[in-house]
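Student: I would like to go through this model by question and answer. Please show the sequence and the structure.

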Amino acid sequence: MKVIVTVKRVIDYNVKVRVKADGSDVDLNNVKMAMNPFCEIAVEEAIRLKESGTATEVIAVSVGPKACQEQLRTALALGADRAIHIETEEQLESLNVAKLLAKVIEQEQPGVVILGKQAIDTDNNQTGQMLSALTGMAQGTFASKIDIQGDKAIVIREVDGGLQTVELAMPIIATTDLRLNEPRYASLPNIMKAKRKPLEVKTAEELGVTIKAHTKLLCVGAPAERKAGIKVADVAELVDKLKNEAKVI
Amino acid sequence: MSILVIAEHDNDSVKNSTLNTVTAALAIADDVTVLVAGSNCQSAAQSAAKITGVSKVLVADNPVYANQLAENMRALIVELAAGKTHLLAPATTSGKNIMPGVAALLDVGQISEIIKVESADVFERPVYAGNAVAKVQSLDAIKVITVRTTAFEEAGETGRASIEEVSAVCDEAKSKFIGEEVAVSERPELTSAKIVISGGRGMGNGENFGLLEAVADKLGAAVGASRAAVDAGFVSNDMQVGQTGKIVAPDLYIAVGISGAIQHLAGMKDSKVIVAINKDEEAPIFSIADYGLVADLFEAVPELEASL
């Protein structure tokens, strides 16, 4: 069984973003980029499926500019067998990404597709679900456990009230929650080896997907600034302020 | 313009998140229909009909909609989408699970977690963990939207909408509900509580959360946690406040032993009053706290409890 895992190149999660002065977008010039943290978890899960003998091949896929190949090499260094880069210079919306991924799925016929539950830049939380709808594959979103049992998968999902367990008919689309696993680090020899692993570049035209704009970004602003308040000396003063000044208790 | 709101409910009554979503819908247009899909969900439909401003309630009462599995729900919603200009759901785990699939089947984009309605096609939403706010215009004929519930007030309950049965049975038979593990709590629900007290790594272990619970009981508050506290196994993940957990905006948020990482702030910085109790006076949480107390939480929290 093949496993496809998707990775997105995003701003590093530790970086505090700045909005451009003209309000057109956030400033990504000279900012540290990295693999989206939820995608790291997806890659780790795919590799574990291979290590446990469930998966025979792990294919990492990324959609984006040429620089995404860095993140694909990282996935290869972590244990993916080969990579597919769908090159585009545009910032694509989730539905377009899902359509491109659906074509790759059609060609590769994987048993499991693992995505992160959301990218930490757009915070959309859409692509996996859209991919499920487009391919007709069952979805297990916000997964904290994925257990493949032949022609079905048992997925434990993180939901608002706690945890929910669902049984899905294979093949499946899963999206990762933070607690699914703890991603490993790539070792130097593996990073060197990853340079020789196959990385295929495709375009949207080759895949027969027409990119369509569904939204227009009008402007990006900084959120309402929150100022630091005061320091109180002790608990008594805190309670007094909350009761008499803020009037919240 | 005609709007369909997908209700979140427990078969007995609609959840508060539905009330916030109706308010967002009414900011777009007056013609608001609510869909209650579930199994034995007639009394939830009755409660939806009471929401102020709702003109019609559609009830899809069938075992295939029990537990609102995404595959069946999205097929049903797509059937009901004809003639609608907007499809709205709360940005809860349920809404997030269902709506993008609806958008994909309709070949339209989705606008996630809106915090403001500017016009019928222009919305504001936070991006980059709430460090920027994007204003986006939808170019699609049908707008599929999820609503950040904390950004909209709850609608009242003075309505008298008509109730209509939906007979469509959409069973994709791809997924099956097996079970759930619900965290039981006597305290108010985290996302709708007026007061939230949260603990972080500084709590040390799970038992020490008892200190926060004691304060919570006196204040009628909900107890939350940072990701560090959840990952360390102190408490269960449904208590996590942050970009990847729950978004809260209570009147009072008390952060105890939480440093204030970007990820956590994304989930609580719209609270009205923020209190930070931390022994590290350099902790980033103090830069947004209205009232900061530099103290050892193991002394300060019991003292706080005693003085309430």
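Student: How much area do chain B and chain A bury between them?
Tutor: This is a predicted model, where local features need pLDDT of at least 70 and side-chain atom pairs count only at pLDDT 80 or more, while totals for chains, interfaces and linings use all residues; side-chain values use heavy atoms, without hydrogens and water. Residues are numbered from 1 along each chain as its sequence is written, and chains are lettered from A and ligands numbered from 1 in the order in which they are written. Buried area is the accessible area (1.4 Å probe) that two parts lose on being put together, summed over both. Carbon and sulfur atoms hold 55% of the area between chain B and chain A, and the total is about 6,500 Å².

Student: How many residues does each chain bring to the contact?
Tutor: Contact means heavy atoms within 4.5 Å. By that rule, chain A gives 77 residues and chain B gives 84 residues.

Student: How many residue pairs are in polar contact across the interface?
Tutor: A polar contact is a pair of N or O atoms within 3.5 Å; within protein, one must be able to donate a hydrogen and the other to accept it, and residues adjacent in sequence count only if both atoms are side-chain atoms. Both residues must be at pLDDT 80 or more. Across the interface of chain B and chain A, the count is 50.

Student: How many salt bridges link chain B and chain A?
Tutor: A salt bridge is a side-chain nitrogen of Lys or Arg within 4 Å of a carboxyl oxygen of Asp or Glu. Between chain B and chain A the count is five.

Student: Which residue of chain A meets B:Asp107 in a salt bridge of 2.7 Å?
Tutor: Helices (H or I, at least four residues) and strands (E, at least two) are DSSP runs, numbered from the N terminus. B:Asp107 sits in the loop between helix H4 (93-105) and strand E5 (110-114) of chain B, and its partner in helix H3 (residues 94-108) of chain A, so the pair joins two chains. The partner at 2.7 Å, N to O, is A:Lys99.

Student: How far apart are the closest N and O atoms of B:Asp107 and A:Lys212?
Tutor: A:Lys212 lies in the loop between helix H6 (204-207) and strand E12 (215-221) of chain A, and this pair also crosses between chains. Buried means under 20% relative accessible area, exposed over 50%, and partly exposed in between (1.4 Å probe, protein chains only). B:Asp107 is partly exposed at 29%, and A:Lys212 is partly exposed at 36%. The two form a salt bridge, with a closest N to O separation of 3.4 Å.

Student: Is A:Lys117 buried or exposed?
Tutor: A:Lys117 is in the loop between strand E6 (112-116) and helix H4 (127-135) of chain A. Beyond four places in sequence, its contacts include A:Phe38, A:Phe142, A:Asp177 and B:Thr244. The side chain of A:Lys117 comes to 3.0 Å from the backbone oxygen of B:Thr244. With 7% relative accessibility, A:Lys117 is buried.

Student: Which strands are included in the cover of the buried residues of H2(B)?
Tutor: Helix H2 (residues 42-49) of chain B has B:Ala44, B:Ala45, B:Ser47, B:Ala48 and B:Ala49 as its buried residues. The cover includes, from chain B, strands E2 (32-38), E3 (54-61) and E10 (162-165).

Student: Which residue of chain B forms a salt bridge with B:Lys272?
Tutor: The bridge is 3.0 Å, N to O. B:Lys272 is in the loop between helix H7 (262-265) and E15, and its partner in the loop between helix H6 (227-231) and strand E14 (252-256), so the pair ties together parts that are 21 residues apart in sequence. B:Lys272 is exposed, at 60%. The partner, partly exposed at 24%, is B:Asp251.

Student: What share of the residues of chain A count as buried?
Tutor: Chain A has seven helices and 13 strands. Its C-alpha trace spans about 65 × 45 × 40 Å along the principal axes. Of its 249 residues, the buried share is 54%.
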